Amino acid sequence: IEILECLTLLLVLLSTTVHSGDVRCKCVCKNDVDRQIFIATSVDFEDCRCENVVPDNWMKSCEANKCECSYDIRNTNVLRVSVVLTIVSISAMALFVLGDKIIWNFVRMPRKVYEWKQTNLDKRNRVYVNRSMLS
C-alpha cells in the first residue's frame with residue numbers, strides 16, 4: 001500500500017505545472033567598484049535584458065557592455081522527486097534494520113534459553129549427582 005501511495009505522490013509532483021520560481025532572468029551588472037546581481041522572475045525570455053531587470057539607478061553607473069543577462073529554467077519537479085525518493089529509500093532501510101533486529105532477537109532468544117538451561121543442568125549434575133564443586 002505504501003508503494004502505491006509513493007507512486008501516486010510522484011505522479012502528482014510530476015504533473016504540476018511550471019511555477020514562477022522555476023524561471024528567472026539573472027543579470028550581473030559590474031561597475032568600476034562593485035558587482036551586483038539582479039534577479040527577475042516575471043520577465044519572459046525575450047525581455048531578459050539589462051534594461052528590463054536592472055533598476056534605473058544602477059543602469060546609470062553600469063556600462064552596457066558590463067551587464068550580462070541569462071535566462072534560467074529550473075525543473076523543480078526533478079528536485080522534488082529526488083528528495084522524495086531519498087526519503088523513501090532511507091525510511092525503507094531504517095525499517096529493514098529495525099525489522100532485522102527484532103527478528104534476530106526472536107531467533108537468537110530460544111538458543112540463549114536453551115544454552116542457559118543446559119548450563120544449569122550441567123551445574124546441577126556436578127553438584128548433586130557427582131558431588132563436586134561449581135567451577
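I take buried to mean under 20% relative accessible area, exposed over 50%, and partly exposed in between. I note at the outset that the model I am reading is predicted.

**Entry 1: the link of C50 and C67**

I began with the cysteines and found that the structure holds three disulfides. A disulfide is a covalent bond between the sulfur atoms of two cysteines. I looked up the pair C50 and C67, whose sulfur atoms are 1.8 Å apart. The torsion about their S-S bond is -105 degrees, and the link is left-handed.

**Entry 2: the link of C25 and C48**

I turned next to C25, which a disulfide joins to C48 with an S to S distance of 2.0 Å. I recorded this disulfide as right-handed because the torsion about its S-S bond is about 85 degrees. The two cysteines sit in distant parts of the chain, 23 residues apart: C25 is in strand β1, and C48 is in the loop between β2 and α2. I then checked their accessibility. C25 has a relative accessibility of 0% and therefore counts as buried. C48, at 13%, also counts as buried, because the cut-off is under 20%.

**Entry 3: the link of C27 and C69**

I looked up the remaining pair, C27 and C69, and found the sulfur atoms 1.9 Å apart. The torsion here is about 105 degrees, so this disulfide is right-handed. C27 lies in strand β1 and C69 in strand β3, so the bond ties together parts that are 42 residues apart in sequence. Are C27 and C69 buried or partly exposed? I found C27 buried, with a relative accessible area of 0%. C69 has 29% and is partly exposed.

**Entry 4: the strands**

I followed β1, which covers residues 23-30, to its partners. Seven bridges join β1 to β3 (residues 67-73), and the two strands run antiparallel. Within this pairing, I noted that R24 has D72 of β3 as its bridge partner. Strand β1 is also joined to β2 (residues 35-40), by six bridges and again in antiparallel fashion. Here K30 stands opposite R35 in β2. I recorded β1 and β2 as a hairpin with four residues between them.

**Entry 5: the largest nonpolar core**

I asked which residues touch the most other members of the largest nonpolar core. Of its 13 residues, these are C25, C27, C29, F38, V53, V54 and C67. The elements that give two or more residues to the core are β1, β2 and α2. Strand β1 gives the most, with three residues.

**Entry 6: a nonpolar patch on the surface**

Lastly I looked at the surface. I found a nonpolar patch of about 440 Å², made by L95, L98, I102 and F106. I traced L95 to helix α4, which covers residues 76-129. Is L95 buried or exposed? Its relative accessible area is 54%, so L95 is exposed, because the cut-off for that word is over 50%.

Technical notes
Residues numbered from 1 in each chain as written. Predicted model: local features only at pLDDT ≥ 70, side-chain atom pairs only at ≥ 80, totals over all residues. Heavy atoms only, no water. Pairing = 2+ DSSP bridges. Patch = residues over 30% accessible without salt bridge, like charges linked within 9 Å, V, L, I, M, F, W, Y side chains within 5 Å. Areas by Shrake-Rupley, 256 points an atom, 1.4 Å probe, with all protein chains shown as cover. Salt bridge = Lys/Arg side-chain N within 4 Å of Asp/Glu carboxyl O. Buried < 20%, exposed > 50% of the residue type's maximum accessible area, 1.4 Å probe, protein only. Disulfide = S-S within 2.5 Å. Core = buried A, V, L, I, M, F, W, Y, C linked by side-chain atoms within 4.5 Å.
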